[in-house]
Amino acid sequence: CDLAAELKRRNPEIIILGYRNLILDYGSFDGETFRNHPDWYLRDRATRKYSVHGNTPAKAKRPLLDTRNPEVREWWVQDVNRQVSLPNFDGVLIDAFAKAITSWGPRRRAVGGSREELLESNKPLHLLLEESLRVNGKQGVIIGNALRSVYTDCLKSYVDAYLHGSYLEAVEQKTPERYHVHLAHLIDTCVQMQQEGGEKLMCITMTHLAPPKA
């Protein structure tokens, strides 16, 4: 909060966002949330081990939240509310939409890999996002790391329904042969959103790979 106040003092026009991941718990297995609520997390159906972000040392410490649990959804929405209510904060960035709603490996192995199983497991996510918009939508800006060029609608439907805008990233991770196709798909999607009316806030980040070398 002290840093936010200082940034606002230097630039009153700056937008300061909190952070909440839609599926990953960056607090790790050592965090207070996991210690107090070990039943809030996904488990691999085959091994019964807790599902984690990945295999690297850092990712292996990040368990996956199970939004099918009503207690998880309530805690999640209230944590977003806590952040958007902080002095000098203007909203929150909700991260990892693609990991939370698609057939991403760790999630798929926990909830099932069939289309029907994935759709069923997404229903609670819609409840969470609807409640967050109801509780927090007028308290601050809600941005999602949502738009992704590899999906048919770039996940635009989620931005339309639940967010004030989206963070754009990962275009530069495509191969040189696919880069311009994916970039054009995202641009077309953003143009479509603009033509449909209303206002959406877009945040763009590019890494040193942007664009990839031909």
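Helices H5 and H6 each contribute at least two residues to the lining of the largest cavity. The model described here is predicted, and this cavity has a volume of about 80 Å³. The structure holds one cavity of 30 Å³ or more. Its lining is made up of Leu22, Ile23, Leu42, Leu65, Asp66, Thr67, Arg68, Ala100, Arg107, Val111, Ser121 and Leu125. Two of these, Ser121 and Leu125, are also among the buried residues of H6.

The protein chain has a mean pLDDT of 91, and 95% of its residues reach 70 or more. Confidence is highest in helix H3, at 97, and lowest in strand S5 (residues 201–204), where the mean is 78. Where pLDDT is low, predicted coordinates should not be read in detail.

Which residues of H6 are buried? They are Leu118, Ser121, Asn122, Pro124, Leu125, Leu128, Leu129, Ser132 and Asn136. An α-helix has 3.6 residues a turn, so residues three or four places apart point the same way. The cover over the buried residues of H6 includes helices H3 (70–84), H4 (97–101), H5 (105–111) and H7 (156–162), together with strand S3 (141–144).

Several of these elements meet again in the largest nonpolar core. This core has 42 residues, of which Leu22, Trp76, Ile94, Phe97 and Leu163 touch the most other members. Two or more residues each come from H3, strand S2 (91–95), H4, H5, H6, H7 and helix H8 (176–195). The biggest contribution is that of H3, with five residues. Leu163 shows how parts of the chain come together here: beyond its neighbours within four places in sequence, Leu163 is in contact with Ile94, Phe97, Ile142, Ile143, Gly144, Ala146, Tyr158 and Lys200. Ile94 and Phe97, in this list of contacts, are themselves named among the core residues that touch the most other members.

The loop between S2 and H4 holds Ala96, which counts as buried because its relative accessibility is 10%, under the 20% cut-off. Not counting residues up to four places away in sequence, Ala96 touches Asn21, Leu22, Ile23 and Asn145. Ala96 and Ala146 are 50 residues apart in sequence, yet their C-alpha atoms are 7.1 Å apart in space.

With neighbours within four places in sequence left aside, the contacts of Leu64 are Ile23, Leu24, Trp40, Tyr41, Leu42, Ser51, Val52, His53, Trp104, Pro106 and Arg107. Among these contacts, Ile23, Leu42 and Arg107 also line the largest cavity.

How does the surface compare? Glu177 lies in helix H8 and is exposed, with a relative accessible area of 65%. Its C-alpha atom is separated by 27 Å from that of Ile101, 76 residues apart along the chain. The largest pocket has a volume of about 450 Å³. Of the 23 residues that line this pocket, Ala98, Lys99, Arg148, Glu169 and Ala170 are the closest to its centre. The largest share of the pocket lining, three residues, comes from H4.

Most residues other than glycine have a negative phi. In Ser28, however, phi is positive, near 70°, and in Asn88 it is also positive, near 75°. Ser28 sits in the loop between strand S1 (17–21) and helix H2 (32–36), whereas Asn88 belongs to the loop between H3 and S2. Are these two residues buried or partly exposed? Ser28 counts as buried, at 11% relative accessibility, while Asn88 is partly exposed, with a relative accessible area of 32%.

Key
Residues numbered from 1 in each chain as written. Predicted model: local features only at pLDDT ≥ 70, side-chain atom pairs only at ≥ 80, totals over all residues. Heavy atoms only, no water. Buried < 20%, exposed > 50% of the residue type's maximum accessible area, 1.4 Å probe, protein only. Helix = DSSP H or I, 4+ residues; strand = E, 2+ residues; numbered from the N terminus. Contact = heavy atoms within 4.5 Å. Core = buried A, V, L, I, M, F, W, Y, C linked by side-chain atoms within 4.5 Å. pLDDT = per-residue confidence, 0-100. 1 Å grid on protein atoms, 1.4 Å probe; cavity = no way out; pocket = protein on both sides within 12 Å on 5 of 7 lines; lining within 4 Å. Points joined across faces, edges and corners; volume = space filled by probe spheres on them.
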